Amino acid sequence: MPQLVSIEDLRVAFNGVPVLRGVDIALQKGEALGLVGESGSGKSVTWLAALGLLPRHARVSGSVRLEGREILGAPAAELDHVRGGRVAMIFQDPASALNPVLTIRRQLCEALALHRDLQGNAVKAEARRLLDLVGIPDAARRLEAYPHEFSGGQVQRIMIAMALAGNPDLLIADEPTTALDATIQAQILELLSTIRSELNMAMVLISHDLGVVAENCDRVAVMYAGRIVEEAPSNQLFADPVHPYAQGLIGALPPLDGPRRRLTAIPGTVPDPAHMPGGCAFAPRCALASDPCGLAAPSLAPIADDRSVACIRAESSRRALLGIAAE
Amino acid sequence: MSAPLVEVAAISRSYSMRSGMFGRATAVHAVDGVSLTIARGQTLGLVGESGSGKSTTGRIVLGLEPPDRGEVRFDGKPMATPGTAAWRGQRARMQMIFQDPLGALDRRLPVATQIREPLDIHGLGTASMREERVRELLRAVELTPVHGARYPGALSGGQRQRIVLARALATKPDFLVCDEPVSALDVSIQAQVVNLLADLQAQLGLTLLFISHDLRVVRQISNIVAVMYLGRIVEIGSADDLFARPEHPYTQALVSASPAPGRRSAGRIVLSGDPPNPAARPQGCAFHPRCPRAIARCASEVPALETVGGDRQVACHLVTGAVTRDAA
């Protein structure tokens with residue numbers, strides 16, 4: 001299958017403090033990948049680093065290839081073609097991503113002029129088509145409105161329209177619905193999945209909400225302290241998490257139906273990147289940790305065809321999985 | 001059963017808002033005829049989207065803001081006039097916890113000093129008793145005096161929320177209003193704080209009003225849950241039952257919009273339209289422009305909150321109308 005993006009051993013350090021400690025991600029065309037993890041786990045930094053959006057004092061190493069071409073450290077001219085063109089990104093706070101003193105038309109047309117060879121009326125027609133596509137009613141008139149005249153959900157729709165302006169192959173949605181109300185979140189997620197299937201666009205959905213990721217992604221990667229600790233198809237991850245941290249995250253989520261149980265909280269907090277424990281970063285909070293966990297950080301190793309886990313207990317888990325498969 | 005600790009009778013609160021410098025002032029009905037009772041030691045959960053009036057309800061119940069109409073009774077007595085000694089005594093028995101612990105703490109004071117502050121303000125105990133009480137409170141929220149000596153900036157989000165909780169408990173209150181207390185926290189930390197809150201409630205016999213947009217967290221901690229939409233309660237019932245069998249179309253949409261791992265979005269109810277503006281409240285049932293099942297009557301007549309069996313009350317013509325028909 002054609003590989004759209006392949007990230008290998010991506011590392012980021014701020015002022016000598018490593019925050020991303022070797023991340024590998026492979027993304028196929030049209031695939032939806034979810035990235036979950038707590039704040040500071042490196043979900044957003046991974047993509048900001050990949051697209052060269054981090055401040056200059058960040059030390060980035062590794063490899064990021066877009067259809068085979070290395071883009072990490074590529075010249076600005078080439079990155080400008082990638083960013084907003086091949087790869088688009090939307091953020092949690094859409095209101096701050098728009099310029100409040102320019103009309104939506106000016107901002108959409110700017111994106112179109114940068115990434116598409118369109119002139120004159122064609123630009124305006126395309127801007128209207130994009131607004132229609134993301135479900136803004138009365139698009140022709142609303143083009144002349146300013147960002148504050150739209151509600152939070154509508155502004156996020158406009159951001160999605162701008163992201164689509166360059167016909168991207170990959171959309172990176174960084175907590176796109178976190179600031180929105182529940183019923184509006186459902187609208188935006190539905191819009192994203194419709195657009196994705198219509199345009200056959202790949203998507204990386206970054207979220208702290210396991211439910212959002214589970215429902216909208218084919219595959220999920222769980223991040224902890226700058227590394228991926230488990231990667232699996234979403235239905236398998238939530239039915240049968242293997243890494244103790246993934247198990248903890250799912251156990252910490254209160255159920256919406258069935259009997260109420262005491263939440264299984266993960267004790268302690270995320271380690272400080274400047275004082276990372278030796279060995280497995282999760283070991284100090286892990287109920288199943290044993291002596292070998294403190295010696296060396298486990299690497300992400302496959303335990304089944306499409307699943308990998310970074311945990312020394314995964315070996316026994318693999319036997320358990322094979323046992324289940326044999327039955 | 002003993003008398004309820006908190007009784008809220010048909011409170012309303014509106015603000016006047018001007019559009020533009022010379023625009024006409026319009027009334028925004030933030031809360032409109034909300035009645036609630038909370039039994040001692042119980043938790044009432046209040047859910048709804050932004051602008052539904054849940055925080056305003058919390059502020060009125062706590063006496064931070066007077067209602068325009070209606071009354072709040074605490075422990076059988078009406079709320080005292082703000083500023084009087086009786087009010088101060090009453091306020092020591094009820095406390096509030098907000099969403100943003102960093103905003104609720106003073107960054108330039110060690111957190112132990114801040115936990116002590118309510119004791120100083122209400123003049124409780126001698127200096128050494130206060131110090132002892134601070135240590136006791138830190139232990140209660142599973143922190144140590146080492147944490148107490150730190151400044152808020154040196155603590156994690158979960159630890160700060162524990163400090164806020166300790167400070168709220170300093171005066172040994174009977175009643176806590178928690179406004180989105182865990183919304184800013186990561187899932188694993190959220191579970192720690194929810195468990196801690198449940199433990200403290202059981203130990204101290206606290207009564208809680210728990211405000212959140214997160215249905216899962218609300219269900220976890222509440223006995224009774226009320227769903228608000230544009231300033232009114234549209235459905236109220238026992239926590240276990242309400243989300244399992246929601247009756248009001250809005251509650252159904254909310255439950256359906258709550259993503260669950262392991263469930264694909266098939267059959268999801270996606271509401272059209274935006275959450276309505278409290279300044280431009282639709283006629284009739286406020287929810288009818290977004291309701292997938294609205295009938296003509298919904299646009300003209302405001303549905304009243306009626307009992308539909310058991311402890312469930314619903315404000316919807318479709319639901320209460322059907323009950324009346326069944327009974328006939």
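Modeller: A contact here means heavy atoms within 4.5 Å. With that settled, ask away, and bear in mind that this is a predicted model.

Colleague: Thanks! What share of the contacts in chain A between residues at least 6 apart in sequence join residues at least 24 apart?

Modeller: The share is 63%. Chain A also holds twelve helices and twelve strands.

Colleague: How do you know whether the radius of gyration of chain A agrees with that of a compact globule?

Modeller: We set one value against the other. A compact globule of 327 residues would have a radius of gyration near 20 Å, and chain A has 21 Å, so the two agree. Along its principal axes, the C-alpha trace of chain A spans about 65 × 50 × 40 Å. Buried residues account for 53% of the 327 residues in chain A.

Colleague: What makes up the surface and the charge of chain A?

Modeller: Its accessible surface is about 14300 Å², and 52% of that belongs to carbon and sulfur atoms. As for charge, chain A carries 30 positive and 36 negative side chains, with the centres of the two sets 3 Å apart.

Colleague: Let's turn to cysteines. How many disulfides does a search of the whole structure find?

Modeller: Zero, over all chains. Take C316(B): the nearest cysteine sulfur belongs to C298(B) and is 6.1 Å away. A disulfide needs the two sulfur atoms within 2.5 Å, so C316(B) is in none.

Colleague: Why is C316(B) called buried?

Modeller: Buried means under 20% relative accessible area. C316(B) has 5%, so it is buried. C178(B) is buried too, because its relative accessibility is 0%.

Colleague: Which residues does R162(B) touch?

Modeller: Leaving out residues up to four places away in sequence, R162(B) touches V141(B), E142(B), L143(B), Q192(B) and L196(B). R162(B) itself lies in helix α7 (residues 157–169) of chain B. At 8% relative accessibility, R162(B) counts as buried.

Colleague: Why is helix α1 of chain B described as largely enclosed?

Modeller: Six of its eight residues (54–61) are buried, so the helix is largely enclosed by the rest of the structure. The buried ones are K54(B), T56(B), T57(B), G58(B), I60(B) and V61(B). Just after α1(B) comes G63(B), with a positive phi of about 80 degrees.

Colleague: How many residues lie between V255(B) and E136(B) in sequence, and how far apart are they in space?

Modeller: They are 119 residues apart in sequence and 40 Å apart in space, C-alpha to C-alpha.

Notes. Residues are numbered from 1 along each chain as its sequence is written. Chains are lettered from A and ligands numbered from 1 in the order in which they are written. This is a predicted model: local features need pLDDT of at least 70, side-chain atom pairs count only at pLDDT 80 or more; totals for chains, interfaces and linings use all residues. Side-chain values use heavy atoms; hydrogens and water are left out. Buried means under 20% relative accessible area, exposed over 50%, partly exposed in between (1.4 Å probe, protein chains only). Helices (H or I, at least four residues) and strands (E, at least two) are DSSP runs, numbered from the N terminus. The radius of gyration is taken over C-alpha atoms; the globule rule is 2.2 Å times the number of residues to the power 0.38. Accessible areas come from the Shrake-Rupley method with a 1.4 Å probe; for residues, only the protein chains shown count as cover. Lys and Arg count as positive and Asp and Glu as negative; His and the chain ends are not counted. The place of a charge is taken as NZ of Lys, CZ of Arg, CG of Asp or CD of Glu.
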